[in-house]
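Reader: I'm new to this one and would like a friendly tour. Could you show me the sequence and the structure before I start asking?

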Amino acid sequence: DTPFGWKIVGVAYASELIANQTQFKLSYLFWCVLGVAVALLLSFTLSRRLSKPIKQLQASMKQLEKGNLDIRSHIHSTDEIGQLGRTFNIMVGKIKELMEQIIAGEELKRKSEMKLLQAQINPHFLYNSFFILKGLVRRGEEELSLRMLDSLGEYFKFITRSGSEEVTLEAELGHALSYLEIQNMRFAGAIDATCDPLPEAWKDILVPRLILQPLVENAYKHGLEDKVAGGRLDIHFTPYSTELSVIVEDNGEQLDDDRLLFLEQELQRSHLALEMTGILNVCRRLRLYYGEAYGLQASRSALGGLQIQFMIPLRKEES
C-alpha cells in the first residue's frame with residue numbers, strides 16, 4: 001500500500017519460478033558433490049602423507065621392541081614425518097652400535113675372568129711329587145722314576161700351555177689321567193682309581209681347560225688323603241642326546257652332612273666368592289663358559305664319600 005491507496009503488484013510466471021528452483025537444486029547438488037570429492041581427495045592425500053608413514057614407523061618400533069636392531073624406516077618425504085623417520089634410523093643405528101660394544105666388552109670380560117680363574121689353579125701337590133721322585137731316585141727305582149718324570153712333564157706341559165682357553169675333552173681327560181698316575185705313585189697302591197672310557201663322539205668336543213683334574217685333586221685332598229688302604233676314586237661319563245654327564249666320586253670318610261650342606265651352598269653362590277680355588281673355581285668357569293644353568297653339583301656318593309657332577313652341553317656348532 002502507498003499513501004495514495006495504490007498497490008504495487010509484481011507478476012512472475014510460475015514456469016520461471018519452477019525453473020529457478022530446479023537450477024538452485026542442481027547447483028546445490030553440484031557443490032555437494034564437489035565438496036565430497038575435495039574431502040575424499042584431502043583424506044587420501046593426508047593418508048599418504050601422514051597416516052601411512054606413521055603406521056610404517058609404528059611397525060618399525062614394534063620390530064625394535066622385539067629386539068630387531070636391523071630394522072630401518074623407509075620414509076623418504078622431506079617433511080616432519082620424514083625427519084622423524086631419519087631420526088629413528090639414526091637412533092636404531094646407535095643402539096645397535098652400543099649393544100655390539102657391550103657384547104664385545106662382556107666377552108672380553110668373560111675371557112679375562114676365565115684366564116684369571118685358570119691362573120688360580122695351584123698345583124701344590126707338585127711339591128710332594130718331587131719329594132716322592134727324590135725317594136724313588138735314592139732307592140734306585142729307575143722305571144718308576146721315569147714314569148713319574150713322564151707324568152710330571154705332561155702335567156707341566158698342560159698347565160703352562162698358553163693360547164686358547166679351550167682344549168678337547170680328550171686332552172682334558174689325558175691331563176687328569178696324568179695327575180692320577182702321579183697320585184698312584186704317591187699313595188703306593190692305597191687308592192684304586194678307575195675311569196670310564198670317554199665316548200668316541202665326545203672326544204673332540206671343546207671344553208674349558210682344567211675342569212676335570214681339579215675335581216680329582218679335590219677328592220684326594222679332602223677325601224682320600226688319610227686313606228692308608230681301600231681308597232676308591234671313580235670317574236664316570238654318561239652320554240645323552242645333547243649333553244654329557246661327568247661324575248667324580250670317592251669313598252672318603254671326612255664328609256659329614258654339615259660339610260656337604262656347606263659345600264652345596266658355596267657352589268650355588270660361587271659367583272660371590274672373593275677367592276675361588278679348587279671346585280669353586282671350576283664351578284664359576286663352567287657357568288661363565290656354558291651359562292648360569294651349568295656348574296657343579298655336590299651330593300653324597302654311593303661309595304660313601306663326595307660326588308661331584310657337571311654336564312657338558314653339545315653346542316650348536318658341534319652338533
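## A tour in questions

Author: Here we go, and keep in mind that this is a predicted model.

Reader: How many bridges join strand 4 to strand 5, and in what sense do the two run?

Author: Strand 5 covers residues 243-250. A hairpin of 3 residues takes the chain from strand 4 to strand 5. The two run antiparallel, and the number of bridges joining them is 7.

Reader: In which sense does strand 2 pair with strand 4?

Author: Strand 2 spans residues 191-195 and strand 4 spans residues 231-239. Along this pairing you can find D192 opposite R232, and C195 opposite I235. There are 5 bridges here, and the sense is parallel.

Reader: What is the order of the strands in the open sheet?

Author: The sheet has 5 strands, and its pairing is mixed. Strand 2 and strand 6 (297-300) each have a single partner strand, so they stand at the edges with one side left without a neighbour in the sheet. From one strand to the next, the twist averages 15°. The order reads 2-4-5-7-6.

Reader: Which strands does helix 5 touch where it packs on the sheet?

Author: Helix 5 is made of residues 169-187. Its direction makes about 165° with that of strand 2. The strands it touches are strand 2, strand 4, strand 5 and strand 7 (306-313).

Reader: Is the crossing of helix 4 past helix 5 left-handed or right-handed?

Author: Helix 4 takes in residues 142-159, and its axis comes within 9 Å of the axis of helix 5. The two axes cross at roughly 145°. As for the hand, helix 4 passes helix 5 in a crossing that is left-handed.

Reader: How many residues of the contact of helix 4 with helix 5 are nonpolar?

Author: From helix 4 the contact includes L144, M148, L152 and F158, and from helix 5 it includes A171, Y179, I182 and M185. R147 and E154 of helix 4 take part too, along with E172 and E181 of helix 5. The contact has 3 polar and 4 charged residues, and the nonpolar ones number 10.

Reader: Is the ring pair of F30 and W31 stacked, tilted or edge-to-face?

Author: A search of the whole structure turns up 4 aromatic pairs. In the pair of F30 and W31, the ring centres are 5.4 Å apart and the planes stand at 70°; planes over 60 degrees apart count as edge-to-face, so this pair is edge-to-face.

Reader: Is W31 buried or exposed?

Author: F30 has 48% relative accessibility, so it counts as partly exposed. W31 has a relative accessible area of 55%, and over 50% is the cut-off, so W31 is exposed.

Reader: Which residues do ring pairs link into a cluster?

Author: The rings of Y290 and Y294 have centres 5.8 Å apart and planes at 50°, so that pair is tilted. Y290 is buried, with a relative accessible area of 13%. The cluster consists of Y289, Y290 and Y294.

Reader: Where does L210 lie?

Author: L210 has a phi near 60°, a positive value in a residue other than glycine. At 3% relative accessibility, L210 counts as buried. Its place is the loop between strand 3 (206-208) and helix 6 (213-224).

Technical notes: Residues numbered from 1 in each chain as written. Predicted model: local features only at pLDDT ≥ 70, side-chain atom pairs only at ≥ 80, totals over all residues. Heavy atoms only, no water. Pairing = 2+ DSSP bridges. Helix = DSSP H or I, 4+ residues; strand = E, 2+ residues; numbered from the N terminus. Phe/Tyr/Trp six-rings, centres within 6.5 Å; stacked < 30°, edge-to-face > 60°. Buried < 20%, exposed > 50% of the residue type's maximum accessible area, 1.4 Å probe, protein only. Axes fitted to C-alpha atoms, helices over the stretch in contact; angles between N-to-C directions. Contact = heavy atoms within 4.5 Å. Left-handed = near helix turned anticlockwise from the far one by under 90°. Nonpolar A, V, L, I, M, F, W, Y, C, P; charged D, E, K, R; others polar.
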